Amino acid sequence: MFSNNLVAFLLISGIGISVFVFFHLLRQNGIKLFSRRIALGIQLLWLVRFSLSFAKVDNEIVNNAYLVIYDQSLFFLDGLLVWLYIRTLLQPKKSFKKIWLHFIPFTALFIYLSLIALLNPNNVIEIYNTNIVKLGQNESIVSLRDIIFIILLLTINIIYLVKSVNITKSYNDELKQNLSNIDHLTVNWVQKFQRLWIAFFIVPFVIYFINYMYPIIGRVGFGNIMMVLFVLLSIIFNSFLLEQVYKPVSLFTKETSLENQNFRNEKLQLLEKLESLLQKEQYYLDEDLSLGQLATYMNIKSVELTELIKMSPYENFYDLINSYRIDEVKKQLKETDEQIIQLAYQNGFRSKSTFNKIFKDKTAMTPKEYRLS
């Protein structure tokens, strides 16, 4: 179990990192303005949360009602701000005119709790300190107000988590329609962060509040674990944020779908031409090969190539190119003694993990197993 001194140290570290990233973002010009504002908002959220948690890290008697109110209400902003950041980053062309509507639940709750703290601060402090004593004694704490609060908190955060995942999936699909390598792009760290968000935020919250009402394990200790996870989540997010490489989908050419008789009649010839070009010219060896480039080599429009790929056995451009890369690696695994990772890089892959995943998806074996088979 984490000691209070360790938790206090980690909270101070979290505060320092949030301050550093906040001022770094203020000086940075690479992030689009709206995305940068949301990223700054996330840093402020964590900075305030870690500061409030540090003030209560020993679970000593609290004499400030607003300290209790702010600490609870801020959790309604996590899902919203993360969703908003991902949306501004991956869907920059979307309208944000009514974005303020999404802040209504938090604003209403914040005003309601602030009024309670203003009108009856002693009652807020008394209830909080009583619960702190019960927490230390592992007594059951169940009230209708707590249940409603917990359900609302989890529901809102899960809704925005689902919305964030859907945006990322849509973005990822668009990348795979146009690019043969996506390992270096923003979407990968966003997906990793979403998984960590579930593991470090959503799941611990569910366990914490179940244990809060019906204690099974020490709640004070588990509360410390949660705070450590929050600090780690913020550190991971900030490391991704500072290292991200962004390629907006809006850079890809949008063309009207071609559904005419002439194109349908030519599809077999074009499919043969596509296969011949890839086998003869080996364009797939170019790790930066894009849909637009391959369409240029074929003297057709990007939209024609996209629809051509839909008629082929491949799911999208990404699948097409990496299938040819894997076929070439398979041949070289049998014919040469070259190191596996070198073969991967020579045939257009940028990442060992991506290569291994795609290879196993295509062959049901690892590269080493395939070579020895």
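Visitor: Which residue takes a positive phi just after helix 11?
Guide: That residue is N299, whose phi is about 60°. Keep in mind that this is a predicted model, where local features need pLDDT of at least 70 and side-chain atom pairs count only at pLDDT 80 or more, while totals for chains, interfaces and linings use all residues. Residues are numbered from 1 along each chain as its sequence is written, and side-chain values use heavy atoms, with hydrogens and water left out.

Visitor: And which residues are buried in helix 11?
Guide: In helix 11, which spans residues 291–298, the buried ones are L291, L294, A295 and M298. Buried means under 20% relative accessible area, with exposed being over 50% and partly exposed in between, for a 1.4 Å probe and protein chains only.

Visitor: Where do they sit around the helix?
Guide: Looking down the axis of helix 11, its buried residues fall within an arc of 105°, so they line one face of the helix. The arc is that of the directions from the helix axis to the C-beta atoms.

Visitor: Zooming out, how many helices and strands are in the chain?
Guide: The chain has 16 helices and zero strands; these are DSSP runs numbered from the N terminus, H or I of at least four residues for helices and E of at least two for strands. Of the 373 residues in the chain, 47% are buried.

Visitor: What angle do helix 4 and helix 7 pack at?
Guide: Helix 4 (residues 78–90) and helix 7 (residues 144–178) pack at about 15°, with their axes 8 Å apart. That makes helix 4 roughly parallel to helix 7, because angles under 35 degrees count as roughly parallel, over 145 as roughly antiparallel, 65 to 115 as roughly perpendicular and the rest as oblique. Axes here are lines fitted to C-alpha atoms, for helices over the stretch in contact, and angles run from 0 to 180 degrees between N-to-C directions.

Visitor: Now helix 2 and helix 3: which word describes how they lie, parallel or oblique?
Guide: Helix 2 (residues 33–55) and helix 3 (residues 65–73) pack at about 135°, with their axes 10 Å apart, and they are therefore oblique to each other.

Visitor: Which residues meet there?
Guide: L52, S53 and A55 in helix 2 meet L67, Y70 and D71 in helix 3, where contact means heavy atoms within 4.5 Å.
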